[in-house]
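Colleague: I am new to this structure and would like to learn how to read it. Please take me through it one feature at a time.

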Number of protein chains: 4
Amino acid sequence: MANSKYEYVKSFELSDALLPHTWIVIRIDGKGFTRFSQVHGFKKPNDERALRLMNECARAVLEDLPDVCFGYGVSDEYSFVLKKTSTVYQRRASKLVSIVVSLFAATYVMKWDQYFPDMKIQYAPSFDGRAVCYPSDPILRDYLSWRQVDCHINNQYNTCYWSLVQSGNSPVEAQDLIKGTLADFKNELLHSRFGINYNELPPIFRKGSLIFRRKEETVVKVEEDGVPVKRLKSQVVVTHEDLIKDAFWNENPSILGTAGSKKSQS
Amino acid sequence: MANSKYEYVKSFELSDALLPHTWIVIRIDGKGFTRFSQVHGFKKPNDERALRLMNECARAVLEDLPDVCFGYGVSDEYSFVLKKTSTVYQRRASKLVSIVVSLFAATYVMKWDQYFPDMKIQYAPSFDGRAVCYPSDPILRDYLSWRQVDCHINNQYNTCYWSLVQSGNSPVEAQDLIKGTLADFKNELLHSRFGINYNELPPIFRKGSLIFRRKEETVVKVEEDGVPVKRLKSQVVVTHEDLIKDAFWNENPSILGTAGSKKSQS
Amino acid sequence: MANSKYEYVKSFELSDALLPHTWIVIRIDGKGFTRFSQVHGFKKPNDERALRLMNECARAVLEDLPDVCFGYGVSDEYSFVLKKTSTVYQRRASKLVSIVVSLFAATYVMKWDQYFPDMKIQYAPSFDGRAVCYPSDPILRDYLSWRQVDCHINNQYNTCYWSLVQSGNSPVEAQDLIKGTLADFKNELLHSRFGINYNELPPIFRKGSLIFRRKEETVVKVEEDGVPVKRLKSQVVVTHEDLIKDAFWNENPSILGTAGSKKSQS
Amino acid sequence: MANSKYEYVKSFELSDALLPHTWIVIRIDGKGFTRFSQVHGFKKPNDERALRLMNECARAVLEDLPDVCFGYGVSDEYSFVLKKTSTVYQRRASKLVSIVVSLFAATYVMKWDQYFPDMKIQYAPSFDGRAVCYPSDPILRDYLSWRQVDCHINNQYNTCYWSLVQSGNSPVEAQDLIKGTLADFKNELLHSRFGINYNELPPIFRKGSLIFRRKEETVVKVEEDGVPVKRLKSQVVVTHEDLIKDAFWNENPSILGTAGSKKSQS
């Protein structure tokens, strides 16, 4: 029995290839994570275990897809950057988004017990995803800066809010006190009322998480005389540092690439 | 600190809304499942536990997304049909595909132990996904028929192939014996050599799995005198039957809808 | 000299194929025709010469593209319907739109002198265009009804407005008198003040223009004895009738097709 | 009478906005110009009148759309470059393509008599068009180089072919003599057999046509004492020069822009 009679239905699949030679960012976002975090008793304003679990899932993505050269995570959101020159899966948006998001979600459940050993995961989480093209390095950096500024704004707000609520204010009171206030006011509030120096909070909360490959000196074997043999090996690392200023990118030139070819100069 | 300086990057997100008033099919497909099935010792040609696990994941999708009115699964693949009139997530392709595929993959890991109690899952699976629009009921049915015919063709081939290999033939010999042969030849081979009556194999292997909502009579309470009170309730059910002929659709008219409005007549 | 070094730039052309088996409507619209109509002294509220010139251009489109089965024109706008099953130019949106719109615009200049023999065309007009898919016959008819209702609403408004202005009211006065009023009020105004019976205005103004192919009895030759030999031949005709009710479509079943195949029943 | 009942059909218009901050190239191409050139007796291998008419149409495009910063024409084809930063018509592909192509086609008919005073235009020409995004300056230049190399290859071939045919060879003989031969062979053939020095042929044939704005010293008035007052004014100019090497772009830095902002450095 041939299947040819029905095969015409394949023609309804339209191309969703993304523009070549642009940075592809795949951003995924936990669906309904306000409830998910309540059900699982996430600490407020930040739960370090949940953030480290997100980073573990991101690591799985970088290990599965060599063309993902960078990731940035904050809260229940992660952005993955595919190399400008990547042609993986013919740059088809649905393919890329679905593989990243399903691997991320499956890993989230797989690794849950390591980060929440005291609590069973109650139900399967899901994530939405999208793919966006950025045509140049500066615009890609502006995208990432946008996310890191957002991390900062939200974290500062949430730190104030939850400090107020946890010290006895009602949610409405807490909101009224801080909404529309400037950064300085919030920092002063945290300091004067709660003894919190905002800038000394853990960087993972204030800066989010950067994930990328870095050549690190690694012990590859130990000689008979006990001398370790080290070699530079590419490792996936997670850091919590500023990515808005040039410093990070200058120290890690291989992420965006410094190819000398005419095409990548632009 | 305002985020407005960087917010222009949002303008790079282009719309991927799907054409209104068409059936949306989201098809997902296990990535690298040949290896996944080997690592986890799936039975050949079909592993019923793995198929039932897929169905369990599909159930999670139908329970999470009321606009998904039908699903069809075969092997490591599942197709989900969204109602023509659905406007969920503004019909954005990436949103729809990512939510379905991540929920499916996360559920796969969540429910693994129920179906494979003797074996730990070794690594997180991933799935690719795509969204395709079908403009009319007959074309949607042709799409589903295409998948069920494919199920049949593949299952018949695989049943022959693995019978031969499990009875001592080499993979190459097995291939040479059956490639290019007609259905009748394969049925005869199965019967004469292995005593297998193809049409008596479990329907889940031959027909794949249909998942949909059906009004079923359900006991909602028991009266004091012991008389059970039943009511018609909509249940998600899984069946393994023919969907190519009209019978199934006639018996389940609510799946595709029989709305009498002018717009849905077409 | 080979051109291969630069040919990679072709890969940046992304597909814009439209969904198969849907009606494609290409709607074009005069760009800046308020000014164009002033410069060329078009009569207000309607200039029959200009409308007939538009119809002439539409005729050129139907003669050039056999898959265009219907057109509807109003003011400086025209909608062309491509058959559901058409695969012309692989249903690529840009191709279809550009060929229709350029032929239309070029014909507009070519035929100008026939419709405006007393006035030279002052500058080249341009038109914008778009392609939209409609998945079913009723929705396509709703699209066309939308345009014809628009024709009616605009024509009624404009007839009142210009009657008032031409009888001495200022534009602002005219607007104030009619804006927000109902159809009955406008009809009454036209009748009582200007002796105009709206329903007796030329159908080309009230109904717009329908263009399509119709089998007409045509004299193909004259016998020696003077008897004309007639045959049914397909002719492109322009009419000005109601397309909202069923009558027109029942009388012209071949436009949308009455194919009995399973696929077109939907 | 409200039109709201049918207005839902507008929701079927899907967005076709092009990626921001990329060069948009709109390339248009004469449809069926082999026949058009025969019917109108175009000289072979090149008809300078037809090429100059194309350039006149391109001029109309640049004058109508200030965001078109460059055009390149060869044979019956023209490419128009929109500035990276342009947001005209919200960068909608169909809008841009349709306006350019319809203005071009209408101008072609309008200006025909100036370039072909001895012959009436026989029928309306049409053009197909497409819009393609190029994410960086070097890739845009590669695109334009691709077209100019194509111009050269085709012109060299056609010059040989028509010289042979016009000197008595049959089309088949001419083809057989030159197909697959290298540039040097063709140049030698032209020189030895027809006394043609390829590099001395008119640049408009060998290089195609570049159209862009250039600040030119223009006489804006003449003083009473007869001294002309000149000022730098931006003029649309047409040249026929090399655009593959850097020289042209260095001499005309304003075309691609030398903006010093972070965003345009990439």
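Colleague: Does A:D76 count as buried or exposed, and at what relative accessibility?

Modeller: Keep in mind that this is a predicted model. Buried is used for a relative accessible area under 20%. A:D76 has 18% relative accessibility, so this residue counts as buried.

Colleague: Where does A:D76 lie in chain A?

Modeller: A:D76 is in the loop between strand 2 and strand 3 of chain A. Setting aside neighbours within four places in sequence, A:D76 is in contact with A:I28, A:D29, A:G30, A:F33, A:M54 and A:F127.

Colleague: Which residues does UniProt list with A:D76 for "binding site"?

Modeller: The unreviewed UniProt entry lists A:S75 and A:D76 under "binding site". Under that feature name the entry also gives A:D29 and A:D76. This last pair spans 48 residues in sequence, yet no two of their C-alpha atoms are more than 5.8 Å apart, so they gather at one spot. Such annotations may be inferred rather than shown by experiment.

Colleague: What surrounds A:D29?

Modeller: A:D29 is found in strand 1, residues 23-30 of chain A. Its relative accessibility is 24%, so A:D29 counts as partly exposed. Leaving aside neighbours within four places in sequence, A:D29 is in contact with A:D76, A:E77, A:S126, A:F127 and A:D128.

Colleague: And what does A:S75 touch?

Modeller: With neighbours within four places in sequence left out, A:S75 is in contact with A:L51 and A:M54. A:S75 sits in the loop between strand 2 (68-74) and strand 3 (77-82) of chain A. A polar contact of 3.5 Å joins the side chains of A:S75 and A:D76.

Colleague: How many helices and strands does chain A have?

Modeller: Chain A has 10 helices and 6 strands. Its C-alpha trace spans about 70 × 65 × 45 Å along the principal axes. Of the 266 residues in chain A, 50% are buried. Among contacts in chain A between residues at least 6 apart in sequence, 71% join residues at least 24 apart.

Colleague: What is the area buried between chain A and chain B?

Modeller: The size of an interface is often given as the accessible area lost when the parts come together. Between chain A and chain B that area is about 4,500 Å², with carbon and sulfur atoms giving 65%. The contact takes 53 residues from chain A and 53 residues from chain B.

Colleague: How many salt bridges are counted between chain A and chain B?

Modeller: Side chains of opposite charge can pair when their charged atoms come close. Between chain A and chain B the count is 8 salt bridges. There are also 16 residue pairs in polar contact between chain A and chain B, counting pairs with both residues at pLDDT 80 or more.

Colleague: Which elements supply the side of chain A that touches chain B?

Modeller: Helix 3 (93-115), strand 4 (127-134) and helix 4 (137-166) of chain A each supply at least two residues of that side. Helix 3 of chain A gives the most, with 13 residues. The residues on the side of chain A that touches chain B divide into 31 nonpolar, 10 polar and 12 charged.

Colleague: Which side chains meet in a salt bridge of 2.8 Å?

Modeller: One such pair is A:D128 and B:K95, at 2.8 Å from N to O. C:D128 and D:K95 also meet in a salt bridge of 2.8 Å. C:D128 lies in strand 4 of chain C and D:K95 in helix 3 of chain D, so the pair joins two chains. Both C:D128 and D:K95 are buried.

Colleague: Which residues are linked in a network of salt bridges?

Modeller: A:E13, A:K95, B:R27, B:D128 and B:R130 are linked in one. Within that group, the side chains of B:D128 and B:R130 meet at 3.9 Å, N to O. B:D128 and B:R130 are both buried.

Conventions: Residues are numbered from 1 along each chain as its sequence is written. Chains are lettered from A and ligands numbered from 1 in the order in which they are written. Side-chain values use heavy atoms; hydrogens and water are left out. Helices (H or I, at least four residues) and strands (E, at least two) are DSSP runs, numbered from the N terminus. Contact means heavy atoms within 4.5 Å. A polar contact is a pair of N or O atoms within 3.5 Å; within protein, one must be able to donate a hydrogen and the other to accept it, and residues adjacent in sequence count only if both atoms are side-chain atoms. Buried means under 20% relative accessible area, exposed over 50%, partly exposed in between (1.4 Å probe, protein chains only). Buried area is the accessible area (1.4 Å probe) that two parts lose on being put together, summed over both. A salt bridge is a side-chain nitrogen of Lys or Arg within 4 Å of a carboxyl oxygen of Asp or Glu. Ala, Val, Leu, Ile, Met, Phe, Trp, Tyr, Cys and Pro count as nonpolar, Asp, Glu, Lys and Arg as charged, and the others, Gly among them, as polar.
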